[in-house]
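Visitor: I am new to reading protein structures, and I would like to go through this one slowly. Could you help me with some questions?

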Amino acid sequence: MMDYKIVDGVRYTQKHEWVRPEGETAKVGLSDYAQDKLGEIVFVELPEVGVEVEAGKSSAVIESVKAVADLYAPIDGKVVEVNEELLDQPELINSDPYGEGWVYKVEIRDGNQLEILMDKKAYEVFVAEEEEE
Amino acid sequence: MRKPKALLFEMSRSGRLGYSLPDCDVPEKPLAELIPEKHQRSEPLDLPELSEGEIIRHFTELSTRNFGVDTGFYPLGSCTMKYNPKVNEETAALSGFSLLHPCQPEETVQGALELLYKMEQELKELTGMDRFTLQPAAGAHGELTGLMVIQAYHHHRGDSKRNRVLIPLSAHGTNPATVSMAGYEVVQVPCDERGLVDLEALKEAVDENTSALMLTNPSTLGLFEEDIVAIARTVHEAGGLLYYDGANMNAIMGYIRPGDMGFDVVHLNLHKTMSTPHGGGGPGSGPVGVKERLIPFLPVPLVDNKNDQFFFNYDLPESIGKMHSFYGNFGVVVKAYTYLRMMGAEGLKQASGDAVLNANYLMNLLKKNYWLPYDRICKHEFVLSAKPEKKKGAGAGDIAKALLDRGFHPPTVYFPLIVEDALMIEPTETETKETLDAFAEVMTEIAKDIDEDAEKVAHGPYNTVVGRLDEVQAARNPVLRWEKK
Amino acid sequence: MGGKHYLPLTDEDRKEMLAAIGARSMEDLFSDIPSEMRVKGKLALSPALSESEALKHLSELAAKNRHTDSCVSFMGAGIYDHFIPSVVKHVIGRSEFCTSYTPYQPEVSQGILQAIFEYQTMICQLTGMDVANASMYDGGTAVTEGAIMGCGATRRSKVLVSRSVSPFYRAIMANYYDSRGLALEEIPLKDGCTDLEELAEMVDGETASVVVQQPNFFGLIEETEGLADLIHDQKAVLVVCADPISLPLLQPPSEYGADIVVGEGQCLGVPSSFGGPALGIIAARQKFVRQMPGRIAGETVDSEGNRGYVLTLQTREQHIRREKAASNICSNQALVALAASVYMATLGRQGMREVAEQCIQKAAYAREKISALKGYEEVFPGRCFKEFAVKVPGKPANLNCALLEKNILGGVDLEPFYPELKQTMLFTVTEKRTAEEINTLVRELEGWK
């Protein structure tokens, strides 16, 4: 069961996004568990650089053949960079969700928003519970 | 069994002709005089060039690579793949119907108007509604028409805050898509453990912003919403209207009418219930019927009769307007009318009775080997879950491919969404007991195959002209047209 | 009872099957339906007919209609009387196509999927666009949804439509957009064509789509020079509604900057059938593919590397995206698209061009002759393709009545759609009309009192 990759150094949301603070900015992506549930990803609709995203609101769209998932912004902020590699290789989210499969980079506005998200341990428990269902 | 097939374009040879037109018999002018050069195509159009015989062979071969109701059993749930009577094709092809121009003077199309008028009378009686428009070209088009009519009704009463439409979780995806298209918000209503609309949740969800509830009854699970009286009361008391999605009308003809259940608006799918062929995806027809108070809002024109003359009535000042350039898929309506006239009241009731009997009989056979999450009397269809098989390594989609290898069209898979790995099976009334027995036997074999070698089942089909197709590649790198190399 | 032969269960079967289920009677199977609502007795439908009686009844109804085989038709306005080669009817009559559903199981639906793929290709060739869908209900719904694609792509909500776009189509747009909360404004005419100066004034940063028709509703060739720039300068989308029969001859819309091309495909081998089933065409540049409504077939490979076709990019559609779908459309007019494919392949590269040339030659001939008649006037000065507007000396309805006596189906009265065009009719001349038929029309018009 629990063979999903859950890494350290990132924070997780209940909708299975991750966010990795890197100084003033943070990278955002989809967890290994989420990419597995979606299946083979065929298309990613990236946000535009410069737009403001709001925690809990849809900020990107990830599509597999038969499913569409919103990527909800884990934290507020302005998008400063998007992973354009995903336009040609959306499968990077499948193969390397925490690395080359990152989706966009956002300016951190409120560090406290990170604190309330789950760490590795909490997310492990959360995923285990979801799996139970 | 694998068999490659060339495209038209790959068969093309320069200079080959597939047609003969008469010579132009009016004095011709130089083209440049008729049409300025800058408006002319500079590069000749690169359409294929084939002889007539090659064209016939090409499309005949393509037809052999296709499975229709005439090929075999097609228990595609929610699609009502019943036999498509051949006489329907004959009548629709009569020159007096197929060669009418929509702008012809009314006195030259009295037969067509009479047919539309008569069709409306039949549908009114069948459904218990007060008037119909035959303009919508498909079920989804009917849904949109119906919601627009409802919207116009509320607005006309000065009740413009109703911005929400309720939809049960079991609904087809078209319902929420239609709701958005009509500018409404969707509110999902959960189902209870019986698979029916959760009445308590519905009561919670209904309020002064509710415009309508869209309901398919029987539902996509093939179950009759037993609480329909209470459901209707709940919605009506809050000032909302009740919309009947007629996708599953084939279960109840002659037994109960949507109008008597309390529905205010109904759409029918003539291509399902009324036996017109699906044509590989269309054309369909989705007439919409309404109760008296909604008639003023129907699309124009309606067909009426005055002094024994039929005419298009555009005099509906509150009408929503037009949904189709002309009068909808008239050719499909001719087919459906032919069917209705051949069946009559007893025939339609027998059709629904047999559809329900066939479904219950097949459900009873299949539940011996497959999991039936909602084990109660079904209507015209039922839903199995292949969750147990999936755990063994071959799910609903794989079972579908195994059926292809054995000459059957599979049921609808992965729908409705509330059943995991769903197999939605609708046998229809036009199938024999022998066919149902044979299908059940094959399903039993497949269950056995999964026990023995799920891996093999998961890689089928093996006996089709192509193997399992890679949908991921098709979506990642879309190739949507042929291009010259 | 008439349709008994569609129902194979015998009384014996029913008895056995009920026993197998453990039900005593058919009523048991309906015990979940509240009895107080049930139909009491028999519905009052018309009595059932046998097949021969049904054929007779329907033939009698059909015989009450005049039609384009019993009359010589000069009626168009979106639905046309072009010649249909015999092969078309034979191919679409193949029941493997006709009686199949939407190709959800691609391995047993390669026939219709490949046919749709070929259709998409030919529509792209005609329009110069990159992608086409598997079809919409008709020209009007295609125009309506084509302009909505522009709204999706620009995230704006105002559509401008030229008054020279078919009034039948504009009526649908008005209705759809009203309920969806999109704004619709009409661009005025100048000499029967889109007034580009007015357009330049109207198009702004809130405009999503601008819709023009080529040739337009009056049959006129619209000015295309500078058109796209006006629209693209405001980052809006140019939607062109084109007559596919004209495209082998006319500049493809891609060349004058169209982003989306829509149209009515009935002219491609489909009987007029009182206006439906027709064929809604939508094609677009690649970048709009995700806003495209409806089914799209795509090429792929199977597990062994064989070429095959599937429905693709389905996440745009209602069954997956539900309330966020590009459109609610589920069906398409696949069988009609197939007819169009067979038509285009049969006429082919040369035939399609010839049809277009004969249309333009014959229409020009008729136009010249009619406008030379006393009492008849050309209404618009521009070049036309296969139809033209004429002012007639009297009520169009009366004229049509007189023509019908000579088995001629006359033109469409324009006044109901354009109040300023009094006593004006739109005459259509396709390649099917002969010089003799045109001469007869001219003679009858001349002699009409």
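Visitor: What percentage of the 485 residues of chain B count as buried?

Guide: This is a predicted model, and the values we discuss are computed from it. A residue is called buried if 20 or more other C-beta atoms lie within 10 Å of its own. By that rule, the share of the 485 residues of chain B that count as buried is 61%.

Visitor: Which radius of gyration does chain B have, and why does it agree with a compact globule?

Guide: The C-alpha atoms of chain B fill a box of roughly 75 × 65 × 45 Å along the principal axes. Because a compact globule with 485 residues would have a radius of gyration near 23 Å, the value for chain B agrees with it, being 25 Å.

Visitor: What is the strand order of the open sheet in chain A?

Guide: Strands of a sheet pair through backbone hydrogen bonds, either parallel or antiparallel. In this open sheet of 6 strands in chain A the pairing is antiparallel, and the edge strands, which each pair on one side only, are strand 1 (11–12) and strand 5 (52–53). Read across the sheet, the order is 1-2-3-9-8-5.

Visitor: Which residue in strand 9 of chain A stands opposite A:Lys27?

Guide: Strand 3 (residues 25–30) and strand 9 (residues 104–107) of chain A run antiparallel and are joined by 4 bridges. In strand 9, the residue opposite A:Lys27 is A:Lys105.

Visitor: How many residues of chain A are in contact with chain C?

Guide: The side of chain C that touches chain A divides into 1 nonpolar, 2 polar and 1 charged residue. These 4 residues of chain C are in contact with residues of chain A, which number 4.

Notes:
Residues are numbered from 1 along each chain as its sequence is written. Chains are lettered from A and ligands numbered from 1 in the order in which they are written. This is a predicted model: local features need pLDDT of at least 70, side-chain atom pairs count only at pLDDT 80 or more; totals for chains, interfaces and linings use all residues. Two residues are in contact if their C-beta atoms, placed from the backbone, lie within 7 Å. Ala, Val, Leu, Ile, Met, Phe, Trp, Tyr, Cys and Pro count as nonpolar, Asp, Glu, Lys and Arg as charged, and the others, Gly among them, as polar. Two strands pair if DSSP finds at least two bridges between them. Helices (H or I, at least four residues) and strands (E, at least two) are DSSP runs, numbered from the N terminus. The radius of gyration is taken over C-alpha atoms; the globule rule is 2.2 Å times the number of residues to the power 0.38. A residue is buried if 20 or more other C-beta atoms lie within 10 Å of its own, exposed if 12 or fewer, and partly exposed in between; C-beta atoms are placed from the backbone.
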